[in-house]
Structures are given as C-alpha cells and as structure tokens.
Amino acid sequence: MIDAKIPAGPLDDKWTEYKGHCKLVNPANKRKLEVIIIGTGLAGASAAASLGELGYKVKAFCFQDSPRRAHSIAAQGGINAAKNYQNDGDSVFRLFYDTIKGGDYRAREANVHRLSEVSSNIIDQCVAQGVPFAREYGGLLSNRSFGGTQVQRTFYAAGQTGQQLLIGAYQALERQVALGNVKMYNRHEMLDIVNIDGKTRGIIARDLVSGKLERHFGHAVLLCTGGYGNVFYLSTNAMGSNVTAIWKAHKKGAAFANPCFTQIHPTCIPVSGDHQSKLTLMSESLRNDGRIWVPQQKGETRKAIDIPEEERDYYLERRYPAFGNLVPRDVASRAAKERCDAGFGVGTSKQAVYLDFADAILRYGKIEVGKEGRENVSEEEIIVLGKEVVKEKYGNLFDMYEKITGENPYELPMRIYPAVHYTMGGLWVDYELQTTVKGLYCLGEANFSDHGANRLGASALMQGLADGYFVIPYTVGNYLADEIYSKAIPTDHPAFVEAEKAVADRIDTLMNIKGSQSVESLHKRLGKIMWDKCGMARNAEGLKQAIEEIKALKKEFWSDVKIPGIINEYNPELDKANRVADFIELGELMCVDALNRNESCGGHFREEYQTPEGEALRDDANYMYVAAWELKSEGNWELHKEPLNYDVIKPTQRNYK
Amino acid sequence: MEHYNMNLTLKIWRQKNKNDKGGFQSFQVKDISSEMSFLEMLDVLNEQLIHEGQDPIAFDHDCREGICGMCSLYINGKPHGEWKGNTTCQLHMRAFKDGETITIEPWRASAFPVIKDLIVDRTSFDRIIQAGGYISVNTGNAVDGNSLPINKDRADASFAAAMCIGCGACVAACKNSSAMLFLSAKVAHLALLPQGEPERHSRVMNMVAQMDKEGFGACTNTGACEATCPKEISISNIARLNLEYLTASIVAEK
Ligand SMILES: Cc1cc2nc3c(=O)[nH]c(=O)nc-3n(C[C@H](O)[C@H](O)[C@H](O)COP(=O)(O)OP(=O)(O)OC[C@H]3O[C@@H](n4cnc5c(N)ncnc54)[C@H](O)[C@@H]3O)c2cc1C
Ligand code: SF4
Ligand code: FES
C-alpha cells in the first residue's frame, strides 16, 4: 500500500530527472481537466494560482469569508531559503542537512532535498509578486537567524512574514479568478470526498451561509487545509483550524502518517485563566535577541527586575552553549517544562519563564552610540536608543504582547510558556504529494512530508509554497496526463448521491442529539486529555488511559451534545460540532501512534526513553520509519511502515551542545 | 496588572439573515475577568445562551491575534472599539468597567450586507483586488530576488501599506462608507515597488471603477478611516492614490 515512489538516481538529480521525465498535458486538454483545491493558505492559494495559470479549470474552497484569511496569514518570523546572500556558508545541502537533523531523522531525504532546491525560487517568485521583504540600506534583501541553524537564511517582513507571503499568493489567486481560471467558494466547508472506481473524483461541501450541501466534481482533489493543532483545544492556530478535510479523506482510505508528531512552540504567551480561547505565539525570531531565564531559587517571589544577575539561571545557555537560546523548538520547550516542573517557574501560575530583552536593548543602544561616535553617554540614553532598535525589529510583537497581558515588554521581561503550534503529522503522501488514494493530493501543513519529528522555524512557509508553486504543477500533471479521456462525471452519479446523503445524515444526527453539553465544553475536555497525556511528555500508562478517556468522551459527545439553531442557516455551533467530532476521533489515533512509537524523537518525547541528561533517545533500529495508519473500522487501524533510508546523511544523536 | 471582575449589560444587534429587519437585544453577563479578550467575553455570553436554549450571537473571527482581518464589530460607536491601532479580537476587557453597558453592532455599509447578527459580507473587497490588485507574474517567471535592489525607505513604505488586513473598519468608520483607505493601501503597496510599475496605470483605473461599482461612497477626507484603522494605514496613501489616478487618467487620454 505504501510506496513513496522516490525517483532513482543520486539525491541531487532526483527532482531534475523527475521534471525531465514526468508526463505533460497539452494546453487544449488542460482546459478540460478540473481540479478541486480545498484551502487557500500558502499551499492552497499558490497551487490554485499556479494551476490556474497553467490553464486547468480550478475550483478553490475556504471556510473563511475570503481566501486572504487562511491561517498562514498569522505566521510571524520568516521563511528559509538557501540563497547564501550572507556569504556565511549556506547551500542547498546545508539547508537540507539542517532540516533532516532538525526533524530528528524522521523525514524523507528525497523530499527534503527537493524542498531545499526550490527554496530559492520561492523568494524570487515572491519578490516578483511584490512581497515587501525586509531590506538593507543598499536595497538588497535582509536575513535573520532562526532556531536550529548557524547561518542567516531567513527572509522576513517584520513580524508579518506569513501575512505578506499570503497576500502575494492571494493576489495571484484573485488574478486567476478575474481571468476566469479559478472559481472561488468562500464560506464553504468540505465535508467529504467522493471516490469512484478507486479514484477521488469530487467532494461534498457545505455552504456555511445557507447550510446547503453541494456536490463538486474534479479530476483531482488537492487538500491544503492546514494543521490540526486545535485537537488540543488551546493552540496558536486560528479558531477555525481543523482536521475535518483530511480526516474525511482518512476515513475514505487515505493513510494518516505520524499523527502524534506535534510541535510545541517554546515561546507563547501563557494561559491567563479558564476563559482562554486560544494562545498567541511570540515569534521564534525573538530568541535571536531575547535571553531565556528563570530564578535560581525555587518559589522566588521577587519581581524579575529585582533579581540580580548572579541569581538568574539562563538555562538554555547553560545546557546548550553552542546554540544557546537558539536551540530547536522541541529542545527549548522541554527545557522550559523541566524548569517549571522543578518549581522554578514564574508568574502567578508558575507555568512561565522569562524572555528578557534588557541585554539586547543595552547592546543595540551601545552600537547606536558607537555609530554616532559619541562618548560619555548615560546609560539611560543608551537604553532609549536601544529600545528604538528593538522596536524596529520586533515592534508589532511587543505591541501584541502588551495588548494581551497589559505589561510593557520594553520594561519588564516577557513571560512565556510552550504551546501547541504545528503538526508535523498529516496525510501520508508519496514523492508526488499524492495520498494513498489515487487523484487525492495533500499539500502544506496538512501532509506529513518534510519535517520529520520536529519542524525547524521558518520551514513551514517554505514547504507550503514549495508544494503549491513548484511541486504540484509537475506532479498533478503527471497524473492528469492519463485522465484526458475521462469526461467530467455528472454529480448525480450514485457515489455523489450516497456521499451527500451520508453527510446529511450525520448532520441530522448531530442536530437531533439535543443533549445538555455545549460543543465548546466537550472540545475543552478533549484538549485537556490530549495536553496532559499526549502533550510535551508522554508515557505508555498515560497514553493507554487517554485512549479510554477519549472513547468515553466520544460516547458522551454523540449522546449529549447540544447544538442550537437549525441546519439550513448560518450556524457556527453546528460547524464547530462537525469539527470537534472529527478531532475526538483523531485524538484517539494520535495516542495510538504515540503509544506505538517506543522511542523519543523530536517533538515526540516518551518519558521512558531519554538519555541520562534528559534528551530524546531515539531507537533507529526499530523505529526509523514513517508510521502510516490505515483505518480498518471504527477505532481500529492497521500500521504500515515506510522505512526511511538515509543514503547521504548519517543519523547521529542530535547535539546542540 | 491588577485584575478585576465585572458585570456588564450588552446591547447587541440581532438579525436572522440578510432579509430580516433586525434590532437590538439586551443581555447581562456576570463575573467577566479583566484578563479576558472581548471575544472571550462574547464566548461566555454564547455559552450562557446555548444553555438557556437560545440562539448564540453570530460574529466573525478566526486568528484572534489581529492579523486575519476576519473580526469586525462596531463597539460603542467605534469599529474595533476604543483602543487605537487595534482589532476587536485584541481588545481586552480591562478596557471596561464594572456596570458598563456595551453596544455592539455590525459594520454598516451598503457594500457590506449583513449575513447574520454581527456578520457582514465583505466579498466586495475581494472583487476590488480582482480588478487589479496584483502584479501579473506567472509562477516560474521570476528573476533572482536580489537582481533589482529596492531603496529601503520605499520598501518600508510599501510594507507599511501592505499591512492592511482587509477588515473593512475604514468603511465602517466613514460616514460615506468609502473604501478609499483600503484601496489606496493596495495601490500604494504595489506602486511603490518597481515590480508594480508596468501595470501601474491600468491597476488604479480598474480598481477605482470596481470600487464605484460595488456601491462604496466617495471620499471627503474626514480622516475617520485613518483614526480607526487597526493597522494605522496612513491617509497619505489616499493622496498617493489620487495622484496615481490623475496620472493614469491623463495617460489614458493621450
Ligand atoms: C502563529 C503562527 C506563526 C507561524 N510562524 C511561522 C513562521 O514564521 N515561519 C514558518 O515557516 N511557519 C510559521 N508557522 C507555520 C505556518 O504558518 C503554517 O504551517 C502554514 O502557514 C500552513 O499553511 P497551509 O497552507 O498548509 O494552511 P493554512 O494557511 O492553515 O490554510 C488552511 C486553509 O484550508 C481551509 N480549510 C481548512 N479546512 C477546510 C475545510 N474542511 N473545508 C474548506 N476549507 C478548509 C481554510 O479555510 C484555509 O484556507 C506559524 C504558524 C502559526 C500558527
Ligand atoms: S485600511 Fe485599515 S481599516 Fe481599512 S481594511 Fe485595511 S486594515 Fe482595515
Ligand atoms: S480574528 Fe483575526 S484579526 Fe481579529
């Protein structure tokens, strides 16, 4: 069932060879081929624009009121590319190497190498579209560093890189809409795929405004629906981010890979109370200048500024001198948890650590004074100048922090804590981004492909755009070339009728439960189970309990959920119920996967498997594989293993010391 | 920060759908923490309504961190509420006092029809972008990103305009329901870059024509848009737009 279809030949040549030999579709035939794209984030919008430009008939869907609002918009820090503009030793190989190592040797070499190869084209494409990246005074593009690397290869637009990239892709998409090549469906949610004779041939979508179900045919369907971090209830994802599209695909035969690989981001604003509806990220770029610390004394009660330097524990710098505050995310998150669990946490909840800019402010202030060639400048004035530099770099993030917490991070260190941020797992795809169902593709965060067990910062934007702009136009063509004789299937075909009926029945069932608990309260409970037992640290005992608890919660959901309103109207509670029902099922599979993987790697930390220093302990002999789960029946999965072969890189214990 | 709890009266616009006339309905919420966000306060109200068997309030939101532009709400007469340079989802309850009454309405503009309660249809903005808010470059046609240096100040100014989140608060704030700030931000973003140069004239003409077609009002330079814009998009962009439009019209006449 699992064949990654990795082209033969040396790693460096695979993608070039593939492109040189894949099948093509001539322009006249492209017009007859219909492609459905679910999602208009970086992956979906770039795919829709590119396929529209090529001449395919594209239909694109998103659940927000405009494609421009996909959650890619929220990405802050930046996007990687192996341009080596800084002349600091970067190369395609090094980006490839860093990504494989950052992923703790659980990603495919061929995919990651391709990603690295096309990374440069992404920057060029975006610049041409008018993405206003940060620039130096000479007018050239600027770079910053990100975690897990020692070169500066991250391109950025202040703290709004995702916004600018998405606006670029959105505009390219709207251009295709204007040209009639893409038809856009806003406020639509895909609720099922339709398979005919072993191939995906369409979808069932619900118009969220009227509540009506619709059938849409496509010769191929691309799922670009983002991450499923909201299974934890609290995450840095948007409120609407969900697993529904890929979960439905999973139920219709698409294998789900490494579902338990979740990225917990070390620097987020901590939870302030039970009312909390989501968590806000403070970009990793802040770790370039911010220093992370906790008091050396347990149960410290003094304010941060009253704690003298020698009584602070800069624990990342202490434990990882080579990378210091810029260790990868999984490492930084676990280190924060370790300190808080040991009783050194700060703030009222004691579930937080400090991220401090005082040193950076002084350092930048002194540089400014130095530039002006002045002497005998007071410390106060240096601080004023330093704050200006910090504001230019991170102003919008500091503002966001202050709006949420009411505290001024220019004066007081930020309080931060890890939060669920990204899901490395997703639908299993082969080298062509095709799932285990023919004609069904998966791009962006929704697939599992490139980040192994831990994603490096600034690599998701790169992957989303690589998939959409540069990979799928070739690979979907290779499939569609054999479809030119397949006529569009009328949507009164029994498979469509049946699929629509199943969706309608499920919605009816949900509405008729008329129980006593709100969707939100059940979602919160799922989140708590997942965070406590399948979060930053996991163990076999806890995971087994979690599976039982989730099964019980599922029963409770289907017998006691309360959804107000009616079906044929705008009904956000019903939309949410549809999504939470899927999250519950996914939660179970995530625990099953985490329980199966008797090792620690990247973001997956099984407490039973750690080195004496508390680092993740991999078991390459037994677990160097992608776990692809095939659903057999409710709550019953078959595991397919895709072995990972490292031909070029030799896996070692990851070392950031 | 001192935290406190408060009881509030909420006067909220209810409207079943686009054809319904709509009207205000009042609600009480208790023990709202000053640490909550404004939308979390509405979550509390909605949980309460669901338990009482009433229809919850429909409002748009997604990222809840001030960047997607999905949230709206006209709060006590101000789009996105009292705080400057802020979106509704970033507004926090410490902006309010115990015992206050808060009035919440949808954006009001004929080009933004109400869908339900506080939700409006802003697809007119997408159609304005479709009319020309892009640079026509197909995937794969790009030259090296550094082959064309761009003066940093221009790049920064372009970025400042490109920060617009397409929320529509400028329209809601304007007594004429003009979309000029939104439109000018896009025109400025692209006109300030060399890549935007070739389509400069047609872009502005087509986008303005589309704006008029959508039924947005004229701009009379009152500045209410700039004052409420959550991304503090400068009204000087409108001056630039007018200049661009004028030049484009002259070129078109030839
Ligand atoms: C706060 C934050 C900051 C980040 N910062 C960075 C960064 O600096 N650098 C980096 O590289 N990465 C970053 N990431 C990660 C990165 O932003 C995401 O992984 C990436 O943008 C995902 O893009 P996507 O296109 O796969 O999905 P998304 O952008 O999430 O888009 C999903 C799309 O699918 C649609 N959709 C979903 N379900 C359905 C359905 N059932 N029916 C119809 N439509 C549906 C949605 O409407 C949306 O259009 C960040 C993530 C977050 C949350
Ligand atoms: S100009 Fe400002 S107020 Fe208007 S849509 Fe853009 S961000 Fe919103
Ligand atoms: S919800 Fe995204 S800007 Fe407010």
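For these entries I count Ala, Val, Leu, Ile, Met, Phe, Trp, Tyr, Cys and Pro as nonpolar, Asp, Glu, Lys and Arg as charged, and the others, Gly among them, as polar. I also keep in mind throughout that this is a predicted model.

**Entry 1, cavities.** I searched the whole structure and found eleven cavities of 30 Å³ or more. The largest cavity holds about 830 Å³ of space, and of the 49 residues that line it I noted those closest to its centre, which are A:His71, A:Ser72, A:Gly226, A:Gly227 and A:Glu445. I then looked up which elements of chain A each supply at least two residues of this lining, and I wrote down α3 (42-54), β6 (188-196), α7 (244-251), β15 (414-423) and α12 (460-480). Sorted by class, the lining of the largest cavity comes to 19 nonpolar, 24 polar and six charged residues.

I recorded a volume of about 660 Å³ for the second largest cavity, with 39 lining residues, of which A:Met239, A:Pro572, A:Lys576, A:Arg579 and B:His61 are the closest to its centre. Two or more lining residues come from each of α14 (519-534) and α16 (572-596) of chain A and from α1 (38-51) of chain B. Which element gives the most to this lining? I found that α16(A) does, with seven residues. The class count for the second largest cavity is 14 nonpolar, eleven polar and 14 charged residues.

I looked up the surroundings of ligand 2 and found 13 residues, the closest being B:Cys164, B:Cys167, B:Gly168, B:Cys170 and B:Cys229. In chain B, α4 (169-173) and α5 (180-191) each supply at least two residues of this shell. By class, I noted eleven nonpolar and two polar residues in the shell around ligand 2, and no charged ones.

Methods
Residues are numbered from 1 along each chain as its sequence is written. Chains are lettered from A and ligands numbered from 1 in the order in which they are written. This is a predicted model: local features need pLDDT of at least 70, side-chain atom pairs count only at pLDDT 80 or more; totals for chains, interfaces and linings use all residues. Side-chain values use heavy atoms; hydrogens and water are left out. A residue is near a molecule or strand if one of its heavy atoms lies within 4 Å of it. Helices (H or I, at least four residues) and strands (E, at least two) are DSSP runs, numbered from the N terminus. On a 1 Å grid over the protein atoms alone, a cavity is a set of points where a 1.4 Å probe fits but cannot get out, and a pocket is an open set with protein on both sides within 12 Å along at least five of seven lines; lining residues have an atom within 4 Å of a point. Grid points are joined across faces, edges and corners, and a volume is the space filled by probe spheres set on the points.
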